[in-house]
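Subject: Structure handover

Hello,

Here is the structure you asked about. Please open it next to this message and follow along.

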Amino acid sequence: MKRTIYALFMALGVLMTACKKDNDGSASGGDPMITAISPEQGHPLSTLTIQGENFSRVRAENRVEINGVEARIIHFNEHTIHVEVPEEGSTGSISVIVGGRSASGPVFTYMAAPAIYRAETYAGTGEMGYAEGPRQSALLNRPGGVVFDSKGNLIFSDRNNNRIRKVSPDGQVSLVAGTGAQGRQDGPADQATFAWPYGIAIDKDDNIYVADRNNHLVRKIDAVTGMVSTLAGSTQGYAEGRGAEAQFNQPLDVAVANDGTVYVADYNNSRIRSIAPDGTVSTYVGDGVQAYRDGPRETAQVNRAPGVDIDRDGNLIIADRFNYCVRKVTPDGMVTTIAGSRSRQYGHADGPEAEALFFGIWGVHAADDGHIYIAEINDNHAIRVLTPEGEVRTLGGGGQSGFVNGEPSTTSRYNTPVGLALDGEGNIYVADLENHAIRRLIRTN
């Protein structure tokens, strides 16, 4: 009997020791396993949740790494660990090390921290007019397009002043070309005339290209001589051909490729046209029908597209106004929708690119880091961005016109923003048409 009682006490002691060890939180002995992570992508210092088995309840026995960089543990138990995404880390697989035993899991993708901006007025006062001088007191009349040259000058089209002007790096506004009178006179910059010049572009040699809307022409300003010439177009209409044989119907924007090809947003023809280096004009995308179709560019359709740009990979980016979306044409000629509803829904909604809604989409600017900036006129009056990760965010404006600066820029208001450009520091410049001003969104992080 005594032996039986002794054996029972010994068994109970072993069981209690095992329970004590488990209650102390040490790992149960099985290898750790990762079953899921959430989210699969995020920003530095955001929270990442790791689910699995055989994690320890002792903090010192758990270690989490993202691509080899340790992540700070916020909360944990045997099945779940919450960590802070390390600020200095990078995209890579998740590892959980428990008491010397490790498990590798899915890849976590780092997203760049969202940019934060402060909105201000860069040039113009909000009052309609024409005056040169310091940018804060200069007067503008419905600026339509903005672009930087290699010297840091901000070139802009002053639409209703029928001029091309610039803001120098030291903040002085001066004339580039145009007399102010409406016309189509070529020649020296101070004698040339335009008729509502809109979108502008610049090539690697600082030559300026102008979508001369009401003249139905594409013009060129030579960087060396200052001479203004007609690159292509004649009278209003639609015709292919070389130089003056071609016809456009309210060209609203231009973009220049590295090989010298000029792409034209031929608005009322619902086409994107191309001008070859020898001056030959042909249709690049669209058949003149105001409709929506992705696919090979020869059969794709656009619906009055007012904006074009070329991204870092040589894709042509299109602001497709009445299809309420942003399109892309790859170098091999495939047209796809990269942001906005595929069912032609419109409105104002941020989020994943396929769920985002636009209304009044007008200008596009493709930055070297893969972001695409978008200007919307009525009814949104907004500045938006499509990130390389496929998210659409509103940077300023949205839903109501106005003239309001502020920090963060999401509190700012615009009235028909149409043109966009970025400087070397990532600040955004906006041609705010009906506010008669160039606005600037200064990055603060």
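Below are the findings, taken region by region. One caution before them: this is a predicted model.

Start with strand 4, residues 62-66. Of its 5 residues, 4 are buried, so the rest of the structure largely encloses this strand. Strand 4 pairs with strand 7, residues 92-98, in the antiparallel sense, over 5 bridges. Strand 4 also pairs with strand 5, again antiparallel, over 3 bridges.

In strand 7, V64 stands opposite V96. In strand 5, the bridge partner of V64 is A71.

Strands 4 and 5 make a hairpin, with 2 residues between the strands. Look at N67 there: its phi is positive, near 50 degrees.

Now move along to strand 5, residues 69-76, and strand 6. These two are antiparallel and share 4 bridges. They form a hairpin too, with 3 residues between them. F76 has I81 of strand 6 as its bridge partner.

Strand 6, residues 80-84, also pairs with strand 3, residues 47-53. That pairing is antiparallel and has 5 bridges. Within it, L48 stands opposite V83 of strand 6.

As background, strands of a sheet pair through backbone hydrogen bonds, either parallel or antiparallel.

Strand 16 covers residues 208-212 and strand 17 covers residues 217-221. They are joined antiparallel by 5 bridges. A211 has V218 of strand 17 as its bridge partner.

**Two nonpolar cores**

Which residues of the largest nonpolar core touch the most other members? They are Y122, V146, L154, F156, V167, V418 and I438, out of 20 residues in that core. Four strands each supply at least two residues: strand 9 (117-123), strand 12 (154-158), strand 34 (417-422) and strand 35 (428-432).

Leaving out residues up to four places away in sequence, F156 touches L140, P143, G145, V146, R163, I164, R165, K166, V167, V173, I200 and I438.

Another core, of 19 residues, lies apart from the largest one. Its members include F55, A71, V83 and Y110.

In soluble globular proteins, nonpolar side chains tend to be buried together.

**N249**

N249 sits between strand 19 (241-242) and strand 20 (251-256). Is N249 buried or exposed? The relative accessible area of N249 is 14%, so N249 counts as buried, the cut-off being under 20%.

The side chain of N249 makes a polar contact of 2.9 Å with the side chain of Q236. Not counting residues up to four places away in sequence, N249 touches H216, Q236, G237, D266, Y267, N268 and N269.

Best wishes

Key: Residues numbered from 1 in each chain as written. Predicted model: local features only at pLDDT ≥ 70, side-chain atom pairs only at ≥ 80, totals over all residues. Heavy atoms only, no water. Pairing = 2+ DSSP bridges. Buried < 20%, exposed > 50% of the residue type's maximum accessible area, 1.4 Å probe, protein only. Core = buried A, V, L, I, M, F, W, Y, C linked by side-chain atoms within 4.5 Å. Contact = heavy atoms within 4.5 Å. Polar contact = N/O pair within 3.5 Å; in protein donor to acceptor, adjacent residues only side chain to side chain.
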